[in-house]
Amino acid sequence: MKVTLIGGGWDPLIAADLYAPFAEAVLDRGGRLVCLLQEGVDPRRWVKHLGGFGLSDVSVVDVCPDRGVPMRVIEESHGVLVCGGRNPLYQRSLVALTRGMAGHLRDQQVPYLGFSAGAAVGGRFAVCGGHET
């Protein structure tokens, strides 16, 4: 499973180094990406950015405090991107998926990219598991 965790901030000089390998992994699996984005954030920037790496089949799912993310959107994707925003919001919205999502991503080798808050919720005991040394 390809896991990419980006702490946050935006540097266009290294964006390709960060996103291209993830996009390639998603495209190798079929190209359907689900992008979990904090409610109220305009998704066009993300969709355009991801399109620059060949990802044209992007489904944006609003993450909001009063409902969780349906597991089926994760299961139907070839890659998962959890964007930035308020960490507690993502944690509340994804908590019901924690074990199911981690198992699905691991068992099906689904690429995961977490940006900022998405990186924070992507660690051990969270969305995509983690590992101990």
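**Reading backbone, core and confidence**

Modeller: Ser116 is found in the loop between S5 and helix H6 (117-120), and, like everything else we discuss here, it belongs to a predicted model.

Colleague: What is the phi of Ser116, and how should I read a value of that kind?

Modeller: As a general idea, most residues other than glycine have a negative phi. In this structure, the phi of Ser116 is positive, near 55°, although the residue is not a glycine; Ser116 is also partly exposed, with a relative accessible area of 26%.

Colleague: Where is Gln109 found, and what is its phi?

Modeller: Gln109 sits in the loop between helix H5 (98-108) and strand S5 (112-115), where it has a positive phi of about 55° without being a glycine. Its relative accessible area is 41%, so Gln109 counts as partly exposed.

Colleague: Which residues have the most contacts inside the largest nonpolar core?

Modeller: In soluble globular proteins, nonpolar side chains tend to be buried together. Here the largest nonpolar core has 36 residues, and those with the most contacts inside it are Leu36, Ile74 and Val80. If neighbours within four places in sequence are left aside, the contacts of Leu36 include Val61, Val63, Val69, Ile74, Leu81 and Tyr90.

Colleague: Where does pLDDT stay under 50?

Modeller: Where pLDDT is low, the predicted coordinates should not be read in detail. The stretch in question is residues 129-133, for which the model has six contacts beyond four places in sequence. For the chain, the mean pLDDT is 84, and 89% of the residues reach 70 or more.

Key: Residues numbered from 1 in each chain as written. Predicted model: local features only at pLDDT ≥ 70, side-chain atom pairs only at ≥ 80, totals over all residues. Heavy atoms only, no water. Core = buried A, V, L, I, M, F, W, Y, C linked by side-chain atoms within 4.5 Å. Buried < 20%, exposed > 50% of the residue type's maximum accessible area, 1.4 Å probe, protein only. Contact = heavy atoms within 4.5 Å. Helix = DSSP H or I, 4+ residues; strand = E, 2+ residues; numbered from the N terminus. pLDDT = per-residue confidence, 0-100.
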